[in-house]
Amino acid sequence: MSSAGHLPSHQRPLLSQALDRFHSELKSDGEAILDVDNVEELLAQAKAMGPAFPGRNKLSSFKRLELILPHINDFAAIIAVCSGADAKATGLVWGSLKVVFMLASPSSDTLEDIINMLDELSLSLPRFRSYEENLPIDDALESALIEVYTEMTCFCARTINFFRSNPHRPLIKMSWPKFNNDFNQTIKRLKKLSRVVDTKAEEVRLREDRERNTELLSAMELMKNTKIADEVLPCYLIPFGVDEQFHGRLDVLEKIRNGLRHESGALKVSVLWGMGGVGKTKIALQYVNKSRQDFDAIFWISADNSIKLTQDFLEASKKLHLSPNVEDAQDAVAAMSKVKTWLSTTNCRWLVVFDNADDPDILSNAWPGAATGSILITSRDSTAAFGTSAETIHVLPFDENTSVEAFIRLVGRDPSSTSDRHAAREISRALGGLPLAINQISGFIVQQKLALKDFLPLYHKNAAKIDARKLKRGDYGHTLSTVWGLSLAQLSGISSTLQKLLAFFDPDKIHESVLLEGGEHLEDEKFGFLRDDMDFLDAKEPLLKAALIDRSSEAESLAIHRLVQAAVMRRLTEEEKIDYFDVAITILSNGFPNTWNTVTSHQFTAWAKCELCLPHVNFLIEKTKKYSLKASDPRMFSELILRCCWYLYEREHYSEARQFMKTALENLDEKNSLMYASAAMLDGLIELDTNNISKALDSFLLAFKIRQPLMDLDDPFIASSLNALSIAYTELGDFGRAVETGQRAIDIRLRTKSDRIGNSYSNMASTLMRMGNANEAEEILKKCPSLKDFTDETFLQTGNPRFSGDMVLLARIRLQQGRLDDALRLSSKALGFRQKLLGSRFKVCDSLYQVASVLEIRGDLSSSINLLEESVSIAEAIPEAKGYEARAQFRLSRLYKALGNEEKSQQFEIAAKKAHGEISRNILGTDLTEKDYDSLVLWMLW
């Protein structure tokens, strides 16, 4: 490597900061250690220590050092270039190691442990031998190198401190676990930083031939994990601010504070558990709002279902700037993976709150793993955490005195009034000290301007009505039902209508835009207030005053307690349930494009709106099961679910799409209807993308069988069915049927002058390409009207994901024709487009593999490895992408073997075989081929 001239003026402070950090970690004068100039001198001084170095399996520790230190010397040589040959930079490394050896040498076992650590540390440093020796060092590469240097030298400083603080063997033994944990965290950070260095070095090399690599460099830029800028921290995602009406709970707050106190190298977990309405969420909110100064980052995650959980992780990703553009920020699953990675590697003090975490399976997917930080859980389940180290805090109702104090304060009465305190005590006893009931009733009393002495008769009268509904007197369900019976009975007009409507939406975050935009499509004048901003404000005001709902001004969203929702639902007549269910369906249907009455392509322009409505559709599905809800026309509900399912398919969220599809089909009684045919088609597309080709074909054949007798022979839906059948036959290798059905689709679309003709030409080109007829495939692809100019931009100008598939196809045609540069340019451009629009999902995995394959053929093995490892990283976070993971791992095994790294090659080969076995469920021999792994994924992922 060579320096790009003298050390840039803005880079000198970076090295100076690295030296300052070392001295800060050392906590003493570091000049004394700078008396070793190079690795040879360090080895000589280590050898002079003689007997202190123990033997190990007939290979002395000194001999091991002779093998380990050259790796560190390679890195030190690069740092010398970065520092302008400043002796302090390299002297710090060798001098620190000398002091470590001296301090560890009295104990042969300890010294042996240190050498083992040094060995692992050396293997974690960047490997520059894989790049040209004359590779120039630019600013970005230099900064990345100095970050590695800082991490390594600061650990040396902490190691020196460790031995100085623990000078005797018993102290060393007692403190070693904590020190060893620090080392493990250092290795994780070094590996991450070294990957950054490798990537920067590879970019420098590619820029040396920019003309050939412009599109690839652009795609790689999009693939980067965004580094969090200093100004992003502190970073807080908290749904509500400090509750000025919060009362008591000082003992619980103190327990949380002690349990979650930040401790370097440790994951601290506390669980707030108790029955509904006892105030778990309120306590957690109060704690996080009062503890901002204790954490650099706080993220509040709703954990009652997977959709809301990933959406909250998406918001956290945006806050951290881990999702650098609007399109990528829509990929909630990828965002969760990014945030979890950040949590496991950052040095900052963070806290994650999992609210309403009653399902362990949902929580397990979000758990940060081996991260070090703090986690607070609210749940009805005392075991809602992983591991035995979590502190569980049982949240109970208020005791009588606390209940009285809270009640007096909330109703704004004189605390010295004996009569009011007596009445407050009687009311508190009736409410059983339940915080949610106390909060609710205090709001009711204030709103109704009741005297405290007049409340209990009213309460007992309403309780008698509750008794008639066979709720057990004396339990908390009875108490809450009585409380809300009073509050809800006082609502009228548009406020009552709004409260009833909100019972049909997910309670945590109901965006007002969803209600207002959907309200435009409601004909019933009873809901006219949703079409007028002022009327909507009037409808909300009584609900907010009575504490029946909350509002976040920042998110412009409403929230309602689940128990309030349940109370509202119980008060509805069967007729009202049907009416409000129909209204919720109409409002939410507005959030999803019509994908059933017309043959359409990707509805990517509506994705952001769909994402807001998704949790509410999921909520309706759950409530139909709990309350046996029925729409006046079941087809309305089925169509809403299928529209939602189409969105999930487009976003490549196949597991969720399957779950929604199952519910939709259960609600469709007419198995021979056109709607059922459309559902079968969508089911087939989901199965196709997840490589279940035979199942996909069965679904496509079913849809075609239903449509044929009900539709004209030239109907667009008939052409769509034929098109899908052609794709399935191509994947199965049945080229005769693929060409026949594909040609029939083309003929129909030509006769009807369909704007979907390009879709059919693309599919036929794919079939011809797989048959090995690259030139014929190119000719048929040129017939696509949208691609008539045949330039890169004509593929992508619409922003439609389908056209990126056309570009991938053309890249594969060019590759078969031997035009490598064109193949790389086209596949790289498709990769960049897919990453920008779809985020880290299936098609990005596929594109990464395609680009890596071209790079391998071109001889750019290091770049190919970088992209394949990124593909593996993405696939690991997607349950259905195991095939893409295995295929990339197999290729990585081959590439590392070509570079002489047998250890890495074997590691990826074992992982690839394991994944292949899990998918195929077959015990195969050791001679798996590329063809075996290609069979795990689609030949062409559109």
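Visitor: In this predicted model, at what angle do the axes of helix α31 and helix α32 cross?
Guide: Helix α31 covers residues 757-770 and helix α32 covers residues 774-781. Their axes come within 8 Å of each other. The crossing angle is roughly 175 degrees.

Visitor: Are α31 and α32 roughly parallel or antiparallel to each other?
Guide: The axes cross at roughly 175 degrees. Angles over 145 degrees count as roughly antiparallel. The two helices, α31 and α32, are therefore roughly antiparallel.

Visitor: How do the residues of the contact of α31 with α32 divide into nonpolar, polar and charged?
Guide: On the α31 side the contact is made by Tyr 761, Ser 762, Met 764, Ala 765, Leu 768 and Met 769. On the α32 side it is made by Ala 774, Glu 776, Ala 777, Ile 780 and Leu 781. The division is nine nonpolar, one polar and one charged.

Visitor: Are α19 and α21 roughly parallel or perpendicular?
Guide: Helix α19 (residues 493-502) packs on helix α21 (residues 533-545) with the axes 8 Å apart. The angle is about 75 degrees, and angles of 65 to 115 degrees count as roughly perpendicular. That makes the arrangement of α19 and α21 roughly perpendicular.

Visitor: How many charged residues are in the contact of α19 with α21?
Guide: From α19, Ile 494, Ser 495, Leu 498 and Gln 499 take part. They meet Asp 535, Phe 536, Asp 538, Ala 539, Lys 540, Pro 542 and Leu 543 of α21. Six of the contact residues are nonpolar and two are polar, and the number of charged ones is three.

Visitor: Which strands are at the edges of the open sheet of three strands?
Guide: The strand order is β9-β11-β10, with antiparallel pairing. An edge strand pairs on one side only. The edge strands are β9 (510-511) and β10 (550-552).

Visitor: Which residue in β11 is the bridge partner of Asp 550?
Guide: Strand β10 is joined by three bridges to β11 (residues 557-559), and the two run antiparallel. The partner of Asp 550 in β11 is Ala 559.

Visitor: Which residues does Leu 515 touch, not counting residues up to four places away in sequence?
Guide: The largest nonpolar core has 158 residues, and Leu 515 is among the members that touch the most others, as are Phe 504, Phe 505, Leu 530, Leu 620, Phe 637 and Phe 660. With residues up to four places away in sequence left out, Leu 515 touches Leu 501, Leu 502, Phe 505, Ile 510, Leu 530, Phe 536, Leu 558 and Ile 587.

Visitor: How many residues are in the second, separate core?
Guide: This core includes Val 36, Leu 141, Leu 145 and Leu 190. Its residue count is 58.

Visitor: Is Ser 847 buried or exposed?
Guide: Ser 847 lies in helix α36 (residues 842-858). Not counting residues up to four places away in sequence, Ser 847 touches Val 808, Ala 830, Leu 831 and Arg 834. Its relative accessibility is 2%, and under 20% means buried. Ser 847 is therefore buried.

Visitor: How far apart in space are Asn 180 and Asp 113, C-alpha to C-alpha?
Guide: Asn 180 lies in helix α7 (residues 169-207) and is partly exposed, with a relative accessible area of 27%. Asn 180 and Asp 113 are 67 residues apart in sequence. In space, C-alpha to C-alpha, they are 9.8 Å apart.

Visitor: What percentage of the residues in the chain is buried?
Guide: The chain has 40 helices and 11 strands. Of its 942 residues, the buried ones make up 56%.

How values were computed
Residues are numbered from 1 along each chain as its sequence is written. This is a predicted model: local features need pLDDT of at least 70, side-chain atom pairs count only at pLDDT 80 or more; totals for chains, interfaces and linings use all residues. Side-chain values use heavy atoms; hydrogens and water are left out. Axes are lines fitted to C-alpha atoms, for helices over the stretch in contact, and angles run from 0 to 180 degrees between N-to-C directions. Helices (H or I, at least four residues) and strands (E, at least two) are DSSP runs, numbered from the N terminus. Angles under 35 degrees count as roughly parallel, over 145 as roughly antiparallel, 65 to 115 as roughly perpendicular and the rest as oblique. Contact means heavy atoms within 4.5 Å. Ala, Val, Leu, Ile, Met, Phe, Trp, Tyr, Cys and Pro count as nonpolar, Asp, Glu, Lys and Arg as charged, and the others, Gly among them, as polar. Two strands pair if DSSP finds at least two bridges between them. A nonpolar core is a set of buried Ala, Val, Leu, Ile, Met, Phe, Trp, Tyr and Cys residues joined through side-chain atoms within 4.5 Å. Buried means under 20% relative accessible area, exposed over 50%, partly exposed in between (1.4 Å probe, protein chains only).
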